Amino acid sequence: MILTRFDNRLLCVRQPEHGVQTGLFASAWGNDDVLPLPQPELATTLAATHHDDGWAIWESRPSLDPSTAQPYQFHSIPPVQHVKAYRAGIARAAEHDPWTGLLVSMHGAGLYNDRYGSYRLEEVAEQSLTAEERCLVDEFLRDMALLQIDLAQQALRHPTPEPWNQPTIREAYLLLQVWDRLSLQFAFRHAADGVIAPLPGGTALACRNAGAFRLRLDPYPFADDAVDFPVQAQLVDDRAYTDPEDFLTALTAAPRFSLECKVIR
């Protein structure tokens with residue numbers, strides 16, 4: 001769950017809805033200046049759309065952060081809850097097809113290994129793991145490494161002992177991270193200035209605020225000069241909640257609305 005303060009209230013974007021927006025970026029990606037989606041296009045888009053579906057398990061009864069009395073922010077949820085949700089989401093993604101499962105598995109594992117050395121999320125990097133949590137994460141990473149070898153062989157139809165080092169897989173994974181972070185640039189950072197890197201090839205995507213939930217991107221990656229990428233959201237009171245049920249009551253009563261996000265050249 002992505003939680004931010006907006007208009008004196010708490011803006012809530014559920015992770016699967018963030019995934020839908022991420023998939024919209026994937027579907028529209030590519031022009032004469034930026035490479036289009038790697039093959040297979042449909043499975044890459046499915047991976048973008050479903051990369052955070054496992055969160056739905058946790059969001060059905062989100063635990064509260066004692067320091068805020070609100071649900072844990074997405075980057076601070078304890079691993080014992082986070083890993084469980086991601087395992088379920090990865091298993092579900094693999095049911096679509098091996099390529100989708102492979103990319104979603106790499107996304108989940110990448111949250112604990114600096115995205116395969118490509119990017120370090122500062123909020124997560126600041127967390128310290130207990131010995132028990134470290135064992136849980138290490139087991140998760142080992143399981144994902146084995147699963148990825150199996151899924152990559154199914155997807156490519158030949159053995160691939162190190163999927164991350166396979167150029168097509170690496171490119172698709174990096175693009176998934178770019179689309180994921182581009183969605184967060186709206187849902188979490190409200191279209192603030194920023195830089196998203198690396199794009200495949202080692203370049204960066206510069207983000208510049210162009211108004212309320214509007215961004216200019218350089219290089220510009222879409223065919224049309226202006227593209228809408230809405231995301232479903234809800235607004236609840238920005239207050240302390242007594243327990244998960246208290247928060248869920250407020251969330252259930254809050255109408256869903258389309259948060260209009262726009263990218264312009």
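**Core, sheet and a few residues**

Modeller: The largest nonpolar core has 74 residues, and those with the most contacts inside it are Trp29, Leu217 and Phe222. A nonpolar core here is a set of buried Ala, Val, Leu, Ile, Met, Phe, Trp, Tyr and Cys residues joined through side-chain atoms within 4.5 Å. Helix 9 (residues 167–187) gives the largest share of this core, 12 residues.

Colleague: What are the ground rules?

Modeller: This is a predicted model: local features need pLDDT of at least 70, side-chain atom pairs count only at pLDDT 80 or more, and totals for chains, interfaces and linings use all residues. Residues are numbered from 1 along each chain as its sequence is written, and side-chain values use heavy atoms, with hydrogens and water left out. Helices (H or I, at least four residues) and strands (E, at least two) are DSSP runs, numbered from the N terminus. Buried means under 20% relative accessible area, exposed over 50%, partly exposed in between (1.4 Å probe, protein chains only).

Colleague: OK. What does Phe222 touch, not counting residues up to four places away in sequence?

Modeller: Its contacts include Phe25, Trp29, Leu182, Val227 and Val263. Contact means heavy atoms within 4.5 Å.

Colleague: Which residues of helix 1 are buried?

Modeller: Gln15, His18, Gly19, Gln21, Thr22, Gly23, Phe25 and Ala26. After helix 1 comes Gly30, with a positive phi near 115 degrees.

Colleague: How do strand 8 and strand 11 pair?

Modeller: In the antiparallel sense, over three bridges, with strand 11 covering residues 262–264. Val227 has Val263 as its bridge partner in strand 11.

Colleague: Now Pro79. Buried or exposed?

Modeller: Pro79 is buried, at 4% relative accessible area. The residue belongs to helix 4 (residues 79–96). Leaving aside neighbours within four places in sequence, Pro79 is in contact with Lys84, Tyr112, Leu129, Glu133, Leu136 and Val137.

Colleague: How many residues apart along the chain are Pro79 and Leu136?

Modeller: 57, yet their C-alpha atoms are separated by 7.6 Å.

Colleague: Last one. Where does Ser63 lie?

Modeller: In the loop between helix 3 (55–59) and strand 3 (64–65). Ser63 counts as buried, at 17% relative accessibility.

Notes: Pairing = 2+ DSSP bridges.
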